[in-house]
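Here are my notes for you on this one. Have the sequence open next to the 3D view while you go through them.

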Amino acid sequence: MKERERVIAQLHNHEYVAFPKATVKEYLDFWLYVVMIKQKKIAYGTYTAYRNIIYNYLVPYMGKSRLSSVNRGMLAKLLKTIDSPSIEKQMLGVIWGAFNYAKGKNFIGINPAIGITRTYKEAKAKRPAVEKPRPSLTLEQAIKFMLECKEKEPGILLPLFFAITMGIRISEIIALKYTDIDFGTNEAHIQRQLGRKVDEDVSSVQEGMLIKQELSPKTYSGDRITPVPQFVIDEIILEREKYELRKGKVIDFQDHGYIWCKENGNPFNRGSYKKPFKRLLAECGFPDMHWHDLRHTYATILSENNLSLKAIASAMGHSKEIFTADTYTNPQQIITDGLSAIQPFLEEVLPSDVTETLAIDSIVSELLPT
């Protein structure tokens, strides 16, 4: 009767543990392959990162322990053995996600990750702050970069335009199709990315397309509409003319409809831009930077010219403005506004014809808002 009373109290307080005998390994297998892959549909890169943490660290350390026996002390002891900040950060993400889900489904009575996460944050706050600002191009440099690309590296012209003037990720750039462009409203529907599926049968994938499979956007907010400057629309139209010519000339042409694609119509992969991008940086005399920093450039230019943070976040596919501010821009007051604010700004500060040969200083002086 006492046991019955205890279970009734646990049920009433939502503390009843459904599977008290499950081991940590059994649960983490379930969490990774069922919850994260089948239900959450995580990207392949995320899957490999989680798998590394689980089977190289968590399972060897506590895999045979019962899930219900894990406590904050065990997790804290494990974290003290990690020297790499990146591994530590990934481990905290896995620990929090896995144990929070277990508590939510009543697999455990108490979430041990709550305390350990708080302990980590307190320890991090005591560490000396080392600011590593993300590199970014100024508006003048961005215009110069596009002008030089048109002349020196035309093979990456469109992806460069998309990154600087639309702020979209490289995985979204290689997945952009002509059908995603509304030529009447000058807008693009970002609705997919290319990558590798986690649970795909490799034997069923077309040769050369394993890492170029169509996936949903990175996040729910990643499915979005973003404005496209007129000069970019013009370049897309010119590229479409070349695309149609190749359809009739190239043997075994693959008509997938991708805007930035190879001669045979197949899409490029995420690293196809690297060599011409590095050459272009050197040609312009710019410091070395990552392609993703062009996305930072997009957000920073808009932010510095007083564009609504909400509008910038929406255009970039972020669900929270604070993430955009912390990761891509300098902190500023969040203003409630719409995405429509970006289009007039782009028309004002970017040239209608990027092939014009005016000196860069005169372009900027005419285009920058007063």
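Predicted model: local features only at pLDDT ≥ 70, side-chain atom pairs only at ≥ 80, totals over all residues.

1. Residues are numbered from 1 along each chain as its sequence is written, and side-chain values use heavy atoms, with hydrogens and water left out.

2. The chain has 16 helices and five strands; these are DSSP runs numbered from the N terminus, with helices being H or I of at least four residues and strands E of at least two. Among contacts in the chain with a separation of 6 or more, 63% link residues 24 or more positions apart, contact meaning heavy atoms within 4.5 Å.

3. Now find helix H2 (residues 24-39) and H3: their axes come within 10 Å and cross at roughly 170 degrees. Axes here are lines fitted to C-alpha atoms, for helices over the stretch in contact, and angles run from 0 to 180 degrees between N-to-C directions. Residues making the contact include Trp31 and Leu32 of H2, and Tyr47 and Arg51 of H3. By class, this contact has 14 nonpolar, no polar and three charged residues. Ala, Val, Leu, Ile, Met, Phe, Trp, Tyr, Cys and Pro count as nonpolar, Asp, Glu, Lys and Arg as charged, and the others, Gly among them, as polar.

4. H3 (residues 44-62) also meets helix H5 (residues 85-104): the axes come within 10 Å and cross at roughly 90 degrees. That makes H3 roughly perpendicular to H5. Among the residues in this contact are Asn52 and Ile53 of H3, with Gln90 and Met91 of H5. The class count is 10 nonpolar, two polar and no charged residues.

5. Is helix H8 (residues 157-166) enclosed by the rest of the structure or exposed? Largely enclosed, because 10 of its 10 residues are buried. Phe161 and Phe162 are among the buried ones. Just after H8, Gly167 takes a positive phi of about 70 degrees.

6. The second largest pocket holds about 320 Å³ of space. Among its 18 lining residues, the closest to its centre are Pro154, Gly155, Leu158, Glu239 and Lys242. H8 and helix H10 (230-249) each give two or more residues to the lining, and H10 has the largest share, with five. The lining divides into 10 nonpolar, one polar and seven charged residues.

7. Two phi values deserve a look. Most residues other than glycine have a negative phi. Asn186, in the loop between S1 and strand S2 (187-190), has a positive phi near 55 degrees; at 10% relative accessibility, Asn186 counts as buried. Asp252 sits in the loop between H10 and helix H11 (274-284) and has a positive phi near 60 degrees, but at 62% relative accessibility Asp252 counts as exposed.

8. Last, pick out Asp182 in strand S1 (residues 181-182). Asp182 is partly exposed, at 38% relative accessibility. Asp182 and Ile233 are 51 residues apart in sequence and 9.4 Å apart in space, C-alpha to C-alpha.

Key
Parallel < 35°, antiparallel > 145°, perpendicular 65-115°, else oblique. Buried < 20%, exposed > 50% of the residue type's maximum accessible area, 1.4 Å probe, protein only. 1 Å grid on protein atoms, 1.4 Å probe; cavity = no way out; pocket = protein on both sides within 12 Å on 5 of 7 lines; lining within 4 Å. Points joined across faces, edges and corners; volume = space filled by probe spheres on them.
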